[in-house]
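Let's take a walk through this structure together. Have a look at the sequence and the 3D view below, and then we'll start with the charges.

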2 protein chains.
Amino acid sequence: MAKLQKSIDKRNALIKATIELVNNSGFHATPMSKIAKMANVSPATIYLYFENKQDLVNQAYLEVKTKYTDFVFKTYNERASVKTGFELIWKRIAEFNINECEYSFFLNQCNNTPIIDEPSRKEGIRHLQPLLDLWERGKKEGVIKPISDYILYAYSINPISYLMIAQKQGEFELTKVHVEEAFLTAWDSIKR
Amino acid sequence: MAKLQKSIDKRNALIKATIELVNNSGFHATPMSKIAKMANVSPATIYLYFENKQDLVNQAYLEVKTKYTDFVFKTYNERASVKTGFELIWKRIAEFNINECEYSFFLNQCNNTPIIDEPSRKEGIRHLQPLLDLWERGKKEGVIKPISDYILYAYSINPISYLMIAQKQGEFELTKVHVEEAFLTAWDSIKR
DNA sequence: TAAAAAAGAATGAACATTCATTTTTATTTC
DNA sequence: GAAATAAAAATGAATGTTCATTCTTTTTTA
């Protein structure tokens, strides 16, 4: 009698292939057969690991989102000043976007199009709770503008994704200098 | 012998249906048959007006993009100060996004995913030439930060799209007050 | 050796596009 | 101004393909 032994490697390869193919062609233009081929697996095998195509993408999304938040808050220290705390988080976000741009592009596509289930997406910004808490504190201390979190996010965090896309499309190269400029710009936009 | 008399109304209805359906389901999840039905037309008729599905979307994109830039620069006056000029343009962009959110959502989806031909997209930011010229002047006058246009765009213009999406997903409502806050934030982020 | 895992081929649905006809339109002829 | 007509415009029904998913068989594993 055999134990349940589905290979985690195969699952990972499938998720990886999905991300890469969806990044380059979009969800509906990516056939399961191609995902299978890229993961060196038969199409039928995908269904041992995932219910169906939608489930595969949802799981890819949640997995990448988790990697993202884990990375972003790893170095965060609640006792730092608001400005320092913001810098810690912002720079980690930038680092993730630059070093894992396959992931960040994928997240971005999921956030901007209707490919992900509402339930799977609803988690959304809530993953960023520590950042929201930091802003709350900043507003109380009078260091951060007393405006909606959505606006703070739109101006200080979302631009990073935009710059990644511009870079992916080869219009722009995101250098160290740019990152520093972008950080200062982000801070200028939300500081009181 | 009859004159060429393809109905502009029909063409418009097809473009409108395409925008609405692509907004809600994405390009590949929108069948031609549905577009036809929504435009009250037979599927075969689409091919009298457009070469194929890709051509239909490309044309929709270019048409909306043109509407956008026409609207945005309509009130612009080259002789205004940099700050005033920026405010004129920014507020028109915001107005367009709010009043024509079907259009702005569509443009955003085209800019963030691989559904549009590279050639059709390449026009991209270049449509915004007057804004780029204004920034150039602002940098010379020492009023605008001397940083890449991509960064200026990412921080002062792109956030509007993000806020639109948040609104479309029902997470947020973009009120007059928010628009004013957002404008000041945009200016803070790019002013020297 | 028995159960799980994997595979390739088969199935059936959905879809973009084309085809063969019908309908509309505008002009011409009386 | 009505009837005739020829070309464009529009249509609904094919066509052929692509694809997600399932089925049956083979291979691997414990």
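**A tour of the model**

Chain A carries 26 positive and 23 negative charges, and their mean positions lie 2 Å apart. Here Lys and Arg count as positive and Asp and Glu as negative, while His and the chain ends are not counted; each charge is placed at NZ of Lys, CZ of Arg, CG of Asp or CD of Glu.

Before going further, a few ground rules. This is a predicted model, where local features need pLDDT of at least 70, side-chain atom pairs count only at pLDDT 80 or more, and totals for chains, interfaces and linings use all residues. Residues are numbered from 1 along each chain as its sequence is written, chains are lettered from A and ligands numbered from 1 in the order in which they are written, and side-chain values use heavy atoms, with hydrogens and water left out.

Now for the fold. Chain A has eleven helices and zero strands (DSSP runs numbered from the N terminus: H or I with at least four residues for helices, E with at least two for strands). Its C-alpha trace spans about 65 × 40 × 25 Å along the principal axes. Of its 192 residues, 52% count as buried, meaning under 20% relative accessible area, with exposed being over 50% and partly exposed in between (1.4 Å probe, protein chains only). Among contacts (heavy atoms within 4.5 Å) with a separation of 6 or more in chain A, 69% join residues 24 or more positions apart.

Let's zoom in on one residue. S161(A) sits in helix α10, residues 158-168 of chain A. It counts as buried because its relative accessibility is 17%. Leaving out residues up to four places away in sequence, S161(A) touches N97(A) and N108(A).

How does chain A relate to chain B?

Finally, the meeting place. In chain A, 43 residues are in contact with 43 residues of chain B. Since 100% of the interface residues of chain A are also interface residues in chain B, the copies meet through the same surface. About 3,500 Å² is buried between the two chains, 62% of it from carbon and sulfur atoms; buried area is the accessible area (1.4 Å probe) that two parts lose on being put together, summed over both. Y150(A), Y155(A) and Y162(A) supply 21% of the area that chain A buries against chain B, more than any other three residues.
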